Amino acid sequence: MQRNSTRPRLSVTGDGKNVAGHVGSRMVCDLADELGLTEGLSVAMAPTKQRRRGHDRGRVVVDLAVMLADGGEAISDLAVLRDQPALFGEVASVATAWRTLEAIDEDVLVRIASARAAARRRAWAAGADPGFYVIDFDATLVNSHSEKEGAAPTYKRGFGFHPLMAYLDATTEALAGLLRPGNAGANTAADHVQVLDAALVQLPVDPHEHEVIARTDSAGLSHGFIDACRARSVRFAVGHDLTEPIRTACLSVPKRRWQPAITTDGSDERDDAQVAEITDLVDLSRWPVGTRMIVRREHPHPGAQLTFTDIDGHRFQVFITDLADPDIGYLEALHRGRGRAEKRICDAKDTGLANLPSANFAINHAWLHLVLIAQDLIAWTKLLSLDGELARAEPKRLRYCLLHAAGIITRSGRRTRLRIAAGWPWVDELVTAFTHVHALALAI
């Protein structure tokens with residue numbers, strides 16, 4: 001049988017000059033520079049270095065974060081940037097990157113957080129401010145396949161870590177994170193309060209002047225966390241366990257009280273799902289004044305595994321909140337939106353969180369903060385330089401369409417020019433993104 005190949009025949013040589021790959025990641029580097037993140041991190045890292053010569057450790061931190069945003073999984077993947085000095089400049093060696101991570105202790109993390117907050121203020125001043133501030137808290141499990149400091153058995157019978165993360169829902173920005181042993185409690189109030197405080201440091205708005213909402217599942221249901229929210233003027237919407245008294249209250253709700261649930265964007269009613277307020281049917285005296293309880297009921301979807309908490313053919317979900325809005329359909333849809341935090345955590349694992357690099361706990365905690373910076377850079381890239389479908393794209397698609405694009409570097413006189421491959425389907429979007437990033441200095 002004769003085969004007709006549709007691929008053009010190639011004669012392969014190794015004499016190409018000034019060809020560059022991953023050119024879109026240079027735009028992420030420029031974004032960090034324009035927002036002052038690189039300079040801020042340089043100041044934060046300066047006290048960790050005794051000698052002036054050598055690599056700026058703040059720049060090393062930025063390069064590591066860009067490497068993670070680009071899809072790198074290990075410190076050695078910094079070679080993607082280092083092997084292209086014409087595009088990325090002088091990039092640190094693996095050994096220098098390790099020394100930089102080793103130098104990051106708790107005091108340095110405080111200074112890094114200040115640098116991130118300052119860059120966030122500039123990003124919001126340039127147009128990233130969403131005007132609506134819901135902070136999602138959620139934990140996840142990160143498996144470890146070797147004996148690493150702090151790794152411990154998890155509640156899912158694995159072995160590794162149990163980090164707690166906080167994201168701003170409207171922008172997908174990664175506000176804060178805390179690396180914890182695998183056996184850390186899911187509803188440890190002290191951990192939630194620590195991450196809450198770290199997240200509030202990152203917000204350019206004051207909760208006393210603007211409504212800020214802390215949103216969690218039932219892992220955040222503790223007096224310590226909710227009291228901390230109230231003390232900081234932060235509103236809360238927290239999942240509640242379906243205890244026997246609450247199940248009884250759900251079953252005693254008069255039919256006239258149930259009203260249709262709505263979709264999370266508020267555009268339509270949900271099929272076969274209703275909501276009701278049961279504040280007057282349960283005892284909430286232990287919670288702060290103004291606490292309300294709202295319940296959603298729905299039929300489990302076909303094929304769903306039924307549980308003993310499914311009553312009268314319905315599945316119930318309950319949460320408490322101190323939001324005063326009378327539209328309980330809106331409040332229930334607002335709380336249900338916390339599921340998007342799980343997607344943010346999936347993106348974090350696709351941006352380095354799934355591969356903690358060291359046997360040392362402190363280095364792995366520093367790595368987690370690099371993941372936060374990388375996620376911020378991706379979020380700011382979408383908010384400030386992209387439109388349409390790419391402004392909503394997941395990291396994997398951004399890498400394919402933009403960050404991993406190819407180009408040619410040319411020099412004419414004193415000017416260096418990056419010429420992106422003309423036939424690439426997203427060349428116009430990438431050129432526009434570079435233009436928007438380089439114009440940020442005028443917008444801030």
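C229 counts as buried, at 0% relative accessibility, where buried means under 20% relative accessible area, exposed over 50% and partly exposed in between (1.4 Å probe, protein chains only). This comes from a predicted model, in which local features need pLDDT of at least 70, side-chain atom pairs count only at pLDDT 80 or more, and totals for chains, interfaces and linings use all residues. Residues are numbered from 1 along each chain as its sequence is written, and side-chain values use heavy atoms, with hydrogens and water left out.

Staying with cysteines, the structure holds zero disulfides, a disulfide being a pair of cysteine sulfur atoms within 2.5 Å. For C29, which is in no disulfide, the nearest cysteine sulfur belongs to C401 and is 19 Å away. C29 counts as buried too, at 10% relative accessibility.

C29 is one of the buried residues of helix α1, along with G24, S25, M27, V28, D30, L31 and A32. Helices (H or I, at least four residues) and strands (E, at least two) are DSSP runs, numbered from the N terminus. Helix α1 covers residues 24-34, and because eight of its eleven residues are buried, it is largely enclosed by the rest of the structure. After α1 comes G36, with a positive phi near 80°.

Now for the strands. An open sheet of three strands runs in the order β1-β14-β15, with antiparallel pairing; its edge strands, β1 and β15, each pair on one side only. Two strands pair if DSSP finds at least two bridges between them. Strand β1 (residues 19-20) is joined to β14 (residues 407-412) by two bridges, and A20 has G407 as its bridge partner in β14. Between β14 and β15 (residues 415-420) there are six bridges, with I409 partnered by L418 in β15. The hairpin of β14 and β15 has two residues between the strands, and G413 there takes a positive phi near 65°.

What is the volume of the largest pocket? It comes to about 570 Å³. Of its 29 lining residues, D169, A170, T172, R340 and R344 are the closest to the centre. As for the terms, on a 1 Å grid over the protein atoms alone, a cavity is a set of points where a 1.4 Å probe fits but cannot get out, while a pocket is an open set with protein on both sides within 12 Å along at least five of seven lines; lining residues have an atom within 4 Å of a point. Grid points are joined across faces, edges and corners, and a volume is the space filled by probe spheres set on the points.

Helices α11 (328-336), α12 and α13 (361-385) each supply at least two residues of this lining, and α13 gives the most, with five. R344, found in α12 (residues 340-353), is buried, with a relative accessible area of 15%. Leaving aside neighbours within four places in sequence, R344 is in contact (heavy atoms within 4.5 Å) with Y167, T172 and Q375.
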